[in-house]
Amino acid sequence: MKIIACYSNKGGVGKTATSVNLAYAYAMAGQTVLLCDLDAQGAAGFYFRVKPSKKLTDARFFEDVERFTASIRASDFEGLDVLPANMTFRDFDVFLSRMRNKRSRLKKALVSAGSDYDVIILDCPPNFSTLSENIFKAADQIVVPVIPTTLSERTFDQLVSFFDTKKLPKRKLKAFFSMVQRRKTLHLETMDEMQKLYRKRFLHSSIPFAADVERMGQNRAPVSVFAPRSAASAAYQALYDEIENGVVSSQ
Amino acid sequence: MALVECFFVIPGAFDEAWFSGGLKGLDPRFEDAKPAQGFEILDCHDQSLRASGKVLIESGGTLRLLHAGEPVTQRCKGKGKFAQDLPKGPVRDGLAGFPKLRALMSMGAGQLENRSFAILDDLQKTQVRGSMMTLSSDYGQVSLVAVQPMRGYDRSFQAVCGKFDEMAAGATGTEPLFQALFPNLVVYKAKPQISIGTQEPSIEVATDIIRTYLAVARQNEAGVLADIDTEFLHDYRVSLRRVRSVISLFKGVFSPDQTTALKREFSDLMAPTGRVRDLDVYLLEKDDYFDLIPPNLHEGAKAMFAQFEKERAQALSSLSRRFRTASYDQQMNDLAALFSDHGNLQPGENADRAAYEYACALIWKRYRKVCKLARRITPDTPDDDVHELRIDCKKLRYLMEFFAPLFNAKAFKTIIKPLKKLQDNLGLFNDFSVQQEALLRFVAQQSNNQGRANAQIAMSVGGLIAVLNQRQRTERDRVVANFQHFDSPEIRHLFRSLFHKKEG
Ligand SMILES: Nc1ncnc2c1ncn2[C@@H]1O[C@H](COP(=O)(O)OP(=O)(O)O)[C@@H](O)[C@H]1O
Ligand SMILES: [Mg+2]
């Protein structure tokens, strides 16, 4: 089992769009995926037409495997389930680290409840908190969308220094450029600079700014479902290939 | 608790509007049906699968086996094949226990349509999925529905299942499918139940049994002609043999003249079937024969079986010709008419004896005879006496089966068990001796005027005879022990109390 956290300490950078499309790409590749909507706004669930759960705001929620598994919803896509938002995700990090331990009681309970996923993708809320810190520890990879602007550069700097001060393993950080507009000189320059500055932190794939991604809101589905031949669909597929297989497609 | 896939059988035309109307807040979407395909329901002649609650559907080169609604599929054809000869797969596994000697044949045909459906909520999110297979015949329609739960949508799943359940209106298992599609399909029974009254005149009992088995025999003719499997001819012969044994064992029920005439008529009816049956038996044992002799004798055995196969084809085609003649059909119709009413028959001196009293007398007498013969058997008794014992056991068994409805079923079961064991033993003893004789005859046939036979064939046959003789001896040695089982104080007591009360 592998845990991928989609994180940025800034809102509106494309975390949710990335989580949704990555989760879909993993499921299409034949893996079983649980997409956890950790953001109270519940946008990830929205894209899969899964209604946020109302009742499950119990603080002790993650101590109880049964309640956890009962709140999972199947998406319309084979192998892809959603854990809806609106829950108190306190202790979720502890839950996650127990999940990875093959011999833990939790792991065994999840296996027998049919909740043993190949991949868990976390759509995280944008702030530094103890939850984020612990999720950084639990995750195998932290995928960070970065819009190539001066402001985003500053936020990414903050994230890297946070890792430094907390002595967190920086190799987990997988940044990529999000909402890229190649017509904009500023975008191209910023990308150039940041790639030099953080050579090891950045993936080669990037996601262009595309109207098709915005249209996910009307279609309430991953891009590849309603625009399978779009540039955005290809870009998310390439991002998946690089994260999962380290394959860099020539684009 | 995780919900599992549910299955429903919905007889009649599927009312989509009614179904959709009954689901509050949910919106069912039925996909357009895929192009219709022909289908056939496969089973064997006595509908073993149907009796075990299963349905086997062949369509477009795929077999689909339904058991308790749950389908398994395998890509292969099945019609005309034996279950154990199908390629390995889930359908073959599901057919374990299917009669080994019975071939799969078509029980009925029609058209089949598959389509899937999704049940959506107000956000157009799928909450339940499923698929529906609609089968139609000239007589009616039935839809087989499979409903899959989706994680986290238990309530909708239960609502949808509830709706289908209402539409199924209590129809479960596979019987409604047969009722809807093939309501006129006759269930073949090799041994139908025949009710007998204790005071019923024996001539009526005899007539009922004969009429029933004449009909059973006729139900096998088509299968013999189509050469579907060997059991058609076997059942045909067994039915006629039952008729013959009623005529000979129910002494004095019909007039002496009619008894003689009927005996001859039924012997004549059976005579042309004997050769095909013998050859069927040899061919069924082919693999066992090869196992009896070492590989260096296989060449001759191969030649022998090739000869048997040729001969069987000839014998069957002449039997088939006979079955197709108008005179045969006329003869069978005449017999059916004759036995349609006991008033058509000439009564003998025992015609009016009450069934129960008559049965007791016949069975008691035959039982005494079996015991007398069996108790005399020692290692030195000639084989002919053992053969005689076999025939009397068979007669006793027939009598007990004919009159079984008059007696306590549990007591009969207790008696039949050791009797059957003894009979199996005697049957094998007889088979081995008949086979040796047949092999000797075969070599004689294959020999030229100087009595010289093909060396390979002769060697194989010699080898076989040696083994068969050995086996016959072994069976012979078991007879005494098996009879002693049958001759236990408990069984003796049962016989006396069931059939010989007056003096008991
Ligand atoms: N590559 C893109 N091109 C165009 N619009 C995008 C792209 N990625 C995200 N968006 C849009 O930007 C907004 C914020 O994206 P979202 O994924 O919700 O960000 P976050 O989860 O980081 O807050 C949404 O309206 C979304 O449709
Ligand atoms: Mg978001």
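Student: What lies over the face of B:Trp18, and at what distance from the ring centre?
Tutor: For a charge over a ring, look for NZ of Lys or CZ of Arg within 6 Å of the ring centre and within 35 degrees of the ring normal. Here B:Lys163 takes that place over B:Trp18, 4.3 Å from the ring centre. Do keep in mind that this is a predicted model.

Student: Which ring does the charged end of B:Arg50 sit over?
Tutor: That of B:Phe178, with 4.2 Å between the charged end of B:Arg50 and the ring centre.

Student: Now for rings with rings. How many aromatic pairs does the structure hold?
Tutor: Over all chains there are 40 aromatic pairs. One of them joins B:Phe407 and B:Phe412, with 5.3 Å centre to centre and 15 degrees between the planes. Planes under 30 degrees apart count as stacked, so this pair is stacked.

Student: Are B:Phe407 and B:Phe412 buried or exposed?
Tutor: Buried means under 20% relative accessible area. B:Phe407 has 10% and is buried, and B:Phe412 is buried too, at 6%.

Student: Why is the pair of B:Phe412 and B:Phe499 called edge-to-face?
Tutor: Because the planes of these two rings stand at 65 degrees, with the centres 5.9 Å apart; over 60 degrees counts as edge-to-face. B:Phe412 belongs to helix H16 (residues 409-446) of chain B and B:Phe499 to helix H18 (residues 489-499) of chain B, so the pair ties together parts 87 residues apart in sequence. B:Phe499 is buried as well, with 4% relative accessibility.

Student: Which aromatic cluster includes B:Phe407, B:Phe412 and B:Phe499?
Tutor: One that also takes in B:Tyr356, B:Trp364, B:Tyr367, B:Phe483, B:Phe486 and B:Phe495.

Student: Let's turn to the ligand. Which residues come nearest to ligand 1?
Tutor: Of the 14 residues around ligand 1, the nearest are A:Gly12, A:Lys15, A:Thr16, A:Ala17 and A:Ala210. By type, the shell divides into 8 nonpolar, 4 polar and 2 charged residues.

Student: Where do backbone atoms meet ligand 1?
Tutor: A polar backbone atom of A:Lys15 is 2.9 Å from an oxygen atom of ligand 1, and a backbone N or O atom of A:Ala17 also lies 2.9 Å from a ligand 1 oxygen. At A:Pro208, a backbone N or O atom lies 2.9 Å from a nitrogen atom of ligand 1. On its own, ligand 1 has 550 Å² of accessible area, and the protein covers 80% of that.

Student: Which elements give two or more residues to the shell around ligand 1?
Tutor: In chain A, helix H1 (15-28), strand E8 (202-208) and helix H9 (211-214). H1(A) gives the largest share, 3 residues.

Terms used:
Residues numbered from 1 in each chain as written. Chains lettered and ligands numbered in written order. Predicted model: local features only at pLDDT ≥ 70, side-chain atom pairs only at ≥ 80, totals over all residues. Heavy atoms only, no water. Near = heavy atom within 4 Å. Polar contact = N/O pair within 3.5 Å; in protein donor to acceptor, adjacent residues only side chain to side chain. Areas by Shrake-Rupley, 256 points an atom, 1.4 Å probe, with all protein chains shown as cover. Helix = DSSP H or I, 4+ residues; strand = E, 2+ residues; numbered from the N terminus. Nonpolar A, V, L, I, M, F, W, Y, C, P; charged D, E, K, R; others polar. Phe/Tyr/Trp six-rings, centres within 6.5 Å; stacked < 30°, edge-to-face > 60°. Buried < 20%, exposed > 50% of the residue type's maximum accessible area, 1.4 Å probe, protein only.
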